[in-house]
Amino acid sequence: MNNRLKRKVANDYPYPVTIDFMRLNTPDFRNPDMKRIGKIIDVTENVLHFLALIALSDLLENISNLKIPDNFKARFRGNFTRTSLGKWGELLREVIKLFKIAGVSMFIEELPDFFIKGKTGESVAQSAFNRITSIRNKLQHKDKHYSRAEIETTCKELEELLETFLEEMNFIVDYPFLYVNKITVDYHRWSDPKYEINLSNIIGSNPELFDSKIEKSSNLMNTPAVIVTKENPNVYLNLEPLIIYSDEGNLNIPDIFMYMDWEKGKTIKYKPIW
């Protein structure tokens with residue numbers, strides 16, 4: 001796998017993308033076998049999952065600016081409550097279409113053309129994703145026996161497809177992902193309040209979840225919150241409640257959690273990154 005890309009993802013891509021990708025490059029998954037193939041597919045699903053949650057957060061933010069067609073509403077419950085690789089891909093694609101049809105910019109401005117070429121065409125990234133999905137579906141047929149040569153060829157193709165997808169989403173490094181963990185207020189009677197906001201980077205394989213920096217702002221942010229920003233931290237998209245920071249998982253280890261699925265009348269499920 002491309003060493004330059006591995007370094008780029010490890011150091012500059014958002015933590016939810018980085019961790020599983022780095023596991024793919026450990027000795028446990030180094031051999032070109034079915035185990036590595038399964039991990040490549042897992043990494044792909046994790047990245048699509050992350051991007052779909054960003055798109056859905058953007059949809060929530062812009063719900064009053066978009067016309068939501070009945071067919072989107074009809075499929076949304078099934079796609080959102082019982083999730084899978086294919087459903088994350090469909091959610092991402094269909095949310096992007098809503099923005100494109102309405103002529104409304106997404107917070108991550110490159111995301112629409114990254115996944116959809118023009119109004120409805122297949123981009124390079126979507127083509128790679130569709131091919132990965134097709135291979136995954138083919139491999140699920142248990143009655144088929146694959147030779148070692150076929151497995152190695154499939155593994156190499158999947159590696160190249162994943163590399164293409166990750167290289168196409170290089171724009172993500174221009175959007176810092178941050179955790180807002182504390183806000184203090186400086187307020188005097190005859191002046192506007194000023195806020196000091198503790199922000200922690202959620203970038204790379206070693207996120208600074210406990211090493212925060214302080215930004216001064218005249219705008220109040222929600223806290224705690226996971227946000228994606230542009231150059232100015234005051235311009236941000238709140239990713240909660242779809243992407244959260246919590247220490248309430250099974251092991252009570254602080255981590256970033258992504259919404260996973262939900263059944264009516266039952267607890268909403270979140271997936272820890274680590």
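Guide: The account below begins with the strand and its surroundings and then turns to the helices and the chain overall.

This is a predicted model, in which local features need pLDDT of at least 70 and side-chain atom pairs count only at pLDDT 80 or more, while totals for chains, interfaces and linings use all residues. Residues are numbered from 1 along each chain as its sequence is written, and side-chain values use heavy atoms, with hydrogens and water left out.

Strand 8 covers residues 243–246. Helices (H or I, at least four residues) and strands (E, at least two) are DSSP runs, numbered from the N terminus. Ile243 and Tyr245 point one way from strand 8, Ile244 and Ser246 point the other way, and all are buried. Buried denotes under 20% relative accessible area, exposed over 50%, and partly exposed the range in between, with a 1.4 Å probe and protein chains only.

Ser246 belongs to strand 8, and with a relative accessible area of 14% this residue counts as buried. Apart from neighbours within four places in sequence, Ser246 is in contact with Ile253, Pro254, Asp255 and Phe257; contact means heavy atoms within 4.5 Å.

The partner of strand 8 is strand 9 (residues 255–261), joined in the antiparallel sense over four bridges. Two strands pair if DSSP finds at least two bridges between them. Within this pairing, Tyr245 stands opposite Ile256 in strand 9. The open sheet has three strands in the order 8-9-10, with antiparallel pairing. Strand 8 and strand 10 (269–272) are the edge strands, each pairing on one side only. From one strand to the next, the twist averages 45°.

The peptide bond from Glu240 to Pro241 is cis, with omega near 10°.

For context, the helices may be considered next. The axes of helix 2 (residues 15–24) and helix 3 come within 9 Å and cross at roughly 175°, where axes are lines fitted to C-alpha atoms, for helices over the stretch in contact, and angles run from 0 to 180 degrees between N-to-C directions. Helix 2 and helix 3 are therefore roughly antiparallel to each other; angles under 35 degrees count as roughly parallel, over 145 as roughly antiparallel, 65 to 115 as roughly perpendicular and the rest as oblique. Residues of helix 2 in this contact include Phe21 and Leu24, and those of helix 3 include Ile40 and Phe50.

Helix 7 (residues 124–139) has buried residues, among them Phe129, Ile132 and Leu139. These buried residues pack against elements including helix 3 (34–61), helix 5 (85–102) and helix 8 (148–168). Helix 8 has 21 residues and reaches 30 Å from its first C-alpha to its last, close to the 30 Å expected at 1.5 Å a residue; the expected span is 1.5 Å times one less than the number of residues. Its buried residues include Leu158, Leu162 and Phe165, and their cover includes helix 1 (3–12), helix 2 and helix 7.

Overall, the protein contains eight helices and ten strands, and buried residues make up 46% of its 274 residues.
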